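Please keep the structure open while reading.

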Amino acid sequence: MRQGAEFLPVTRQEMLARGWEQLDFVLVTGDAYVDHPSFGPAIIGRVLEAEGYKVGVISQPDFTTCESFKALGRPRFGFFIGGGNVDSMVAHYSVAKVRRAVDEYTPGGVAGKRPDRSATVYTRLAKQAYPDLPVILGGLEASLRRFAHYDYWLDTVLPSIAEDSGADLISFGMSEHQTAEIARRLAAGERAESIRDVAGTCYMTDFSCLPAKYVECAGFAKVSADKTAYARACRIQMDEQDPVTGQIVVQKQKTGYLVQNPPAKPLTRRELDAVAALPFTRRYHPSYEALGGVPAIEEVEFSIIHNRGCYGGCNFCAITLHQGRRVTSRSVDSVVQEGELLTKQPGFKGYIHDVGGPTANFRLPSCGRQMTKGICQGGKKCLAPSPCPHLIVDHKEYLAMLRRLRALPGVKKVFIRSGIRYDYLIWDKDETFFRELVEHHVSGQLKVAPEHCAPNTLKYMGKPPVEVFNKFSKRFYELTKQAGKKQYLVPYLMSSHPGSTLKDAVILAEYLYRHNIRPEQVQDFYPTPGTVSTCMFYTGLDPYTLEPVFVEKTAEGKALQRALLQYYEPRNTEKVVKALHMTHREDLIPLLAPGYKPRAAAGQGRRQRASEQAGKVRPAVQGRFAPKAKTNKGTGKWQNEKGGGTPKRRR
């Protein structure tokens, strides 16, 4: 804990202990209160505090009554509300729409402490508690649902969360700039309905109050009835998410018009350093100790975030609509200072678990023109299907930072566990970083995300060809051998992504067999609000070309694709064989299902068994069998030929 740092008050008693009779702002969050820079509500609370405001936190309030929103008294200026670090529906339900048993952002991991669609519910309750006070809604859930959007759980299109919740303003993105400006204007006496020019915000209005110039996308009624209109609207929304070129976007909702101002400019390096230097305690509130703590802190307690944004542009990723595609990063000195701070934290054992962010090895904008002309539109990618000629590939600063962290007294190891973009790393002509990554920064396993291998599926994912992964993998194991280490790649894989046919899944299964990769867990595509892939899932169209895209939506089709990724599991044998028959790839049965014995008719079965006993019939299945799987002794984890079981995946 930093000297003098203390939690923001969460009770009236804690307010009074500071000598506060009334707060300026109340911050409401769907997560437990964890005062750590990996948690969005903690950042917003500290930003408001740094601006000189008295701020209190209501965490996971009772959502059955508005009385819980009065626990800290009436704030002078209003509420800032967020649903939590994860969209509440993703937090509550698996891709199969089964209720999760654990909520890692709740004390003790207990499920059910927040409502479904918590951002909307909390905003309505705050309005019930104090109808005349402004409510500013932000965070991931609000960012991804700010336009009319397909909702996977209801299997329908919903209007903007701005209309549904009744919030006065939606603050999308990371929101430090917006939060500070909105707070200053509210404190100066300006009414919320007159704050209409802040970049990075949305609001509802009527036709007569629309701005003079804007880009309009199809409205709620149209996109609900016309999937082509939905796809076109998606493209407009994605194209305007750049702080340089983004224009005001208007979309008609049920009762009014949503106006999205252009995105806020990303924080500069100096501003990011200032946010990192805010007095976070880096712990969950002590009131949670008796409840078992907050599980989510375990992943980040001894980790460092050094960047924001990602120009990788994977179509299934929500970063485009939240953090944006422009990468910004902290200074090396700032990151090293945080490393020094970690060494003084209780429980630190010498290991910095991660130095990363949305993408660990991005430190710079993708190219020089991006700063003045913005990110390319129309779905063009910086890395896929091949790297852009203007792409800046440089690991020098990242490497210098890691070297300084390694040299800190008390630090034994510095690991990189968040996503390394191998399709960026492999194009660096200077191999120094790659070598030092292998020698110093892999904790036995390095997670990478090829996601698939079939060209058709990778195209719709926005990922590069599998040959790029093969090149990276080959060199990784060469460098690992040279370093005298035993380290393994852990590939993330996804089934049933839009565009992925059963034939594509068979191609992936064969690829996994040929490379002796046996993933313990795989991820079914999860249609979260606001992504390009979710648009394809709902419409069956590529929003950039309007060409049809195959989408597997049947339970059986999804089960077959998922089973193929774990073909080696005996419980999947019947599904694997069925998929191979359906795709006319019976030649793979001896490889992917070597123990399979077809079910014969009763009479035929008796005759065959009698013949086998007489030695007159050869085995029913011939061909080369898969090699016997190895396990890690003591753990039972499957290994590929180069090792590595796959840990639980987080999305």
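Two strands count as paired if DSSP finds at least two bridges between them. The model discussed here is predicted.

Nine strands make up an open sheet with mixed pairing, in the order 3-1-4-5-8-9-12-11-10. Strand 3 (55-59) and strand 10 (215-216) each have a single partner strand, so they stand at the edges and one side of each is left without a neighbour in the sheet. Strands of a sheet pair through backbone hydrogen bonds, either parallel or antiparallel.

Helix 2 (residues 40-50) lies across part of this sheet, over strand 1 (25-29), strand 3 and strand 4 (78-82). The helix runs at about 170° to strand 1.

## Around strand 9

Is strand 9 (residues 201-205) mostly covered or mostly uncovered? Strand 9 is mostly covered, with four of its five residues buried. Strand 9 pairs with strand 8 (residues 169-171) in the antiparallel sense, over two bridges. In this pair, Ile170 is placed opposite Cys202 of strand 9.

Strand 9 also pairs with strand 12, in the antiparallel sense and over four bridges. Here Thr205 faces Tyr257 of strand 12. Strand 12 (residues 257-260) in turn pairs with strand 11 (residues 249-252), again antiparallel over four bridges. Tyr257 has Lys252 opposite it in this pairing.

## Helix 9 and helix 20

Two packed helices are described by the angle between their axes and the distance between the axes. For helix 9 (residues 227-239) and helix 20 (residues 532-539), the axes come within 10 Å and cross at roughly 175°. The two helices are therefore roughly antiparallel to each other, since an angle over 145 degrees counts as such.

Helix 9 contributes Lys227, Tyr230, Ala231, Cys234 and Met238 to the contact, and helix 20 contributes Val532, Cys535, Tyr538 and Thr539. Sorted by class, these are seven nonpolar residues, one polar and one charged.

## Helix 14 and helix 16

Helix 14 (residues 396-406) packs with helix 16 (residues 432-440) at an angle of about 30°, and their axes are 10 Å apart. Angles under 35 degrees count as roughly parallel, so helix 14 and helix 16 are roughly parallel to each other. Their crossing is left-handed.

On the helix 14 side, the contact involves Tyr398, Leu399, Leu402, Arg403 and Arg406; on the helix 16 side, Thr432, Phe433, Glu436 and His440. By class, this contact has four nonpolar, two polar and three charged residues.

Which residues of helix 16 are buried? They are Phe433, Phe434, Glu436, Leu437 and Val438. The buried residues of helix 16 pack against helix 14, helix 15 (422-425), strand 20 (445-451) and helix 18 (466-482).

Strand 21 (residues 488-495) and strand 22 run parallel and are joined by two bridges. Met494 has Gln523 in strand 22 as its bridge partner.

Note on methods: Residues are numbered from 1 along each chain as its sequence is written. This is a predicted model: local features need pLDDT of at least 70, side-chain atom pairs count only at pLDDT 80 or more; totals for chains, interfaces and linings use all residues. Side-chain values use heavy atoms; hydrogens and water are left out. Contact means heavy atoms within 4.5 Å. Axes are lines fitted to C-alpha atoms, for helices over the stretch in contact, and angles run from 0 to 180 degrees between N-to-C directions. Angles under 35 degrees count as roughly parallel, over 145 as roughly antiparallel, 65 to 115 as roughly perpendicular and the rest as oblique. A crossing is left-handed if the near helix is turned anticlockwise from the far one by less than a right angle, and right-handed if clockwise. Ala, Val, Leu, Ile, Met, Phe, Trp, Tyr, Cys and Pro count as nonpolar, Asp, Glu, Lys and Arg as charged, and the others, Gly among them, as polar. Buried means under 20% relative accessible area, exposed over 50%, partly exposed in between (1.4 Å probe, protein chains only).
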